[in-house]
Amino acid sequence: GLHRQVLFASLGFFVGYQLVKRAEYVHAKVDRELFEYIRHHPVDFHSPTEKKRIGQLLEDFHPIR
C-alpha cells in the first residue's frame, strides 16, 4: 500500500541523490586533471593572436545559375 510507495520514493530519492553526487565528483575530477595538464603545457594550448572573422572561414559563394 501506501507505506511501500513512501519507502520506494524515499529510496529512489536517496539513490538518485547519490548518483548525481558521484557524477559531479567524476566530472570535477576530470576537469581538475585537464586544467592541471593545460597549466603544465601552455605551449599546446596557446590562443590565436588574431581572431578570424566569419567571412574568412567560409568559402566564396558562386551561384550555379
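Modeller: In this predicted model, Glu36 is partly exposed, with a relative accessible area of 34%.

Biologist: Which residue forms a salt bridge with Glu36, and how far apart are the closest N and O atoms?

Modeller: The general idea first. Side chains of opposite charge can pair when their charged atoms come close. Here the partner of Glu36 is Arg39, and their closest N and O atoms lie 2.7 Å apart. That falls within the 4 Å cut-off for a salt bridge.

Biologist: How are Arg39 and Glu36 placed in helix 1?

Modeller: The two residues are three positions apart in helix 1, so about one helical turn separates Arg39 from Glu36.

Biologist: Is Arg39 buried or exposed?

Modeller: Arg39 is exposed, at 57% relative accessible area, while Glu36 is partly exposed.

Biologist: How many salt bridges does the count give?

Modeller: The count comes to one salt bridge. As for charges overall, the protein chain has 10 positive and 8 negative ones, and the mean positions of these two sets are 10 Å apart.

Biologist: How should I read the secondary structure: how many helices and how many strands does the protein chain have?

Modeller: The protein chain has two helices and zero strands. Helix 1 covers residues 2-40, and Phe14 lies in it. Ala28 is also in helix 1.

Biologist: What is the radius of gyration of the protein chain, and what would a compact globule of 65 residues have?

Modeller: The protein chain has 25 Å, whereas a compact globule of 65 residues would be near 11 Å. Along the principal axes, the C-alpha atoms fill a box of roughly 70 × 50 × 15 Å.

Biologist: What percentage of the 65 residues is buried?

Modeller: Buried residues make up 0% of the protein chain. A residue must be under 20% relative accessible area to count as buried. Ala28, at 37%, is therefore partly exposed.

Biologist: Which residues make the nonpolar surface patch?

Modeller: Leu7, Phe8, Leu11, Phe14, Val15 and Leu19 make a nonpolar patch of about 630 Å². Of these residues, take Phe14 as an example: its relative accessibility is 48%, so Phe14 counts as partly exposed.

Conventions
Residues numbered from 1 in each chain as written. Predicted model: local features only at pLDDT ≥ 70, side-chain atom pairs only at ≥ 80, totals over all residues. Heavy atoms only, no water. Patch = residues over 30% accessible without salt bridge, like charges linked within 9 Å, V, L, I, M, F, W, Y side chains within 5 Å. Areas by Shrake-Rupley, 256 points an atom, 1.4 Å probe, with all protein chains shown as cover. Salt bridge = Lys/Arg side-chain N within 4 Å of Asp/Glu carboxyl O. Helix = DSSP H or I, 4+ residues; strand = E, 2+ residues; numbered from the N terminus. Buried < 20%, exposed > 50% of the residue type's maximum accessible area, 1.4 Å probe, protein only. Rg over C-alpha atoms; globule rule 2.2 N^0.38 Å. Lys, Arg positive; Asp, Glu negative; His and termini not counted. Charge placed at Lys NZ, Arg CZ, Asp CG, Glu CD.
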